[in-house]
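Please open the model in your viewer and follow this tour one selection at a time.

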Protein chains: 2
Amino acid sequence: MFLLSDLSGDVLIREVGLRDGLQNEKQFVATEDKIRLARALTAAGLREIEITSFVSPKAVPQMRDAKEIVAALGQPEGVTYSALVVNRRGAEDAIASGVKELQYVVSCSETHSQKNVRMSVDEALQQAAIISDLAKENGLTIRTALSATFGCPFEGKTSYDRVYDLLEKLFSLGVERVSLSDTAGLGNPRQVAQLCQGIVARFPEDRFSLHLHDTRGLGLACTLAGVWAGIRVIESSIGGLGGCPFVPNATGNIATEDVVYMMEEMGISTGLDWQQLMNAAMMAEKILGRDLNSKQLSLTRILQCRE
Amino acid sequence: MFLLSDLSGDVLIREVGLRDGLQNEKQFVATEDKIRLARALTAAGLREIEITSFVSPKAVPQMRDAKEIVAALGQPEGVTYSALVVNRRGAEDAIASGVKELQYVVSCSETHSQKNVRMSVDEALQQAAIISDLAKENGLTIRTALSATFGCPFEGKTSYDRVYDLLEKLFSLGVERVSLSDTAGLGNPRQVAQLCQGIVARFPEDRFSLHLHDTRGLGLACTLAGVWAGIRVIESSIGGLGGCPFVPNATGNIATEDVVYMMEEMGISTGLDWQQLMNAAMMAEKILGRDLNSKQLSLTRILQCRE
């Protein structure tokens, strides 16, 4: 284990704004805007992008254009576009669309699992096995978000053993990678450091990404803690897409440009083109038609206001 | 040195909203509102509060009521109210007012020093000696903010040796405590960890506080890094007072309630009363008449919007 002050190396940013960010938007975002934004993100150097989800258009109307988006984007060399699915039907639709990676979801919390996907955790694990098999039969890679890894708004803190146990089960079912997800932003840096340390001691570290929300302002501090502990894939959302659209400063996902700024300032390379990334963030802001919640975007506004 | 995951202990919060926060506010805040807020902060358990500055009322009209504020608040048992001064005249006024601690300012950057106090760094150090002597002759404690500790918008990164050298000088001149200040929010967590580690290896750690701004979103991550390195006094501003009033989400100082939330969640005690602290934050918001930039305040707005 190394000291915080010795932090070094690279991280890979996994962009989730088009999926986790946009799914909270009540107003439908035009398909061509989503495609434009996905291309801008790809041009900035992002190599892993969650672009859409294949879910019921009644439940999430924002994602009703999943098929068109996958078709338009294709599979550029060196880039992995993923689609979220929550059941067999979605997985089949996603596979038919031509996407090359599936992202499934299992929660650590029974209450959250019921509310989110109307299944118990055990039922969700059974689905994970089916979807994992389907993915592999069709040559796709399969990953799973582990929701409520750090806590659940209904059940409180998640025990570390619960997380280790679910990770063991997911990998035994054929899942290749896991997003350690803190959807309600309940984790704290010491907890993230401890749990991630425990995880990389038990499993190969390249199987994990950290998916944090900044609801309580600890997103970047928790990211630092996770990277310190050895997690080197960070999931984030361009412009901090994913907050509550009606409340100023109510961030959801951590903003890609804020994570990238922190990493590059520390000398940790993300391999991204800063100017193109900021262009994508400003594009997202224009598409949404309101100020988004990233510090880097708010800095551009401060500079404009001083000019 | 311990691992990030082993972080423990206590921190002391030094509240600077009434001084560093309010000095950016163009609109004069009524003296009675400032006093009310100072009392609410004291009631929440804050034991170190920078309450005003004795500076030219022409330069900073917001602080023209310094004398009345000190007189109204008195010196409750166990609480240290500080006042900022930038020259001998201010120090004399502050001493005459009855305040028990002076906070002076020296910058690491020549350019910043000239712009901020119209003195070279050497001239500022000479003043530090005079003010330190004056303070001690009158039974006051004397502290100094070391501006641009982590970088300067005009001169770039500050070298660690420059900081060690200035700290050596300040202590030799009789200064008792130093606020390591990142006014432009230019520090990054690795740098904060490294420099603070170097500082506590060279000087007694109880002489230092960390004064961070969240301009680029790294405020809490840098706080984590500083606490990890052994700095145990954190300066912050209730409600995140100190941002640009005209730009949404343009935070200045890190918000007291956000730091306290992070620390308490990690099991690091601040000794503060959470509900009274949030009452003070909401009071600050009402006094300023606009939404302030703290995550904890924005959470209260999200909850209201869901009800």
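This is a predicted model: local features need pLDDT of at least 70, side-chain atom pairs count only at pLDDT 80 or more; totals for chains, interfaces and linings use all residues.

Residues are numbered from 1 along each chain as its sequence is written, chains are lettered from A and ligands numbered from 1 in the order in which they are written, and side-chain values use heavy atoms, with hydrogens and water left out.

Select chain A, which has twelve helices and eight strands, these being DSSP runs numbered from the N terminus (helices H or I, at least four residues; strands E, at least two). The radius of gyration of chain A, 18 Å, is close to the 19 Å that the globule rule gives for 307 residues, so chain A is as compact as a globular protein of that length; the radius is taken over C-alpha atoms, and the rule is 2.2 Å times the number of residues to the power 0.38. Of the 307 residues in chain A, 63% are buried, meaning under 20% relative accessible area with a 1.4 Å probe and protein chains only.

Next, select residues 219-229 in chain A and in chain B, helix 9 of each, whose axes come within 6 Å and cross at roughly 45°, with axes fitted to C-alpha atoms over the stretch in contact and angles running from 0 to 180 degrees between N-to-C directions.

Finally, show the side chains of A:Leu220, A:Ala221 and A:Leu224, which meet B:Leu220, B:Ala221 and B:Leu224, contact meaning heavy atoms within 4.5 Å.

Technical notes. Buried means under 20% relative accessible area, exposed over 50%, partly exposed in between (1.4 Å probe, protein chains only).
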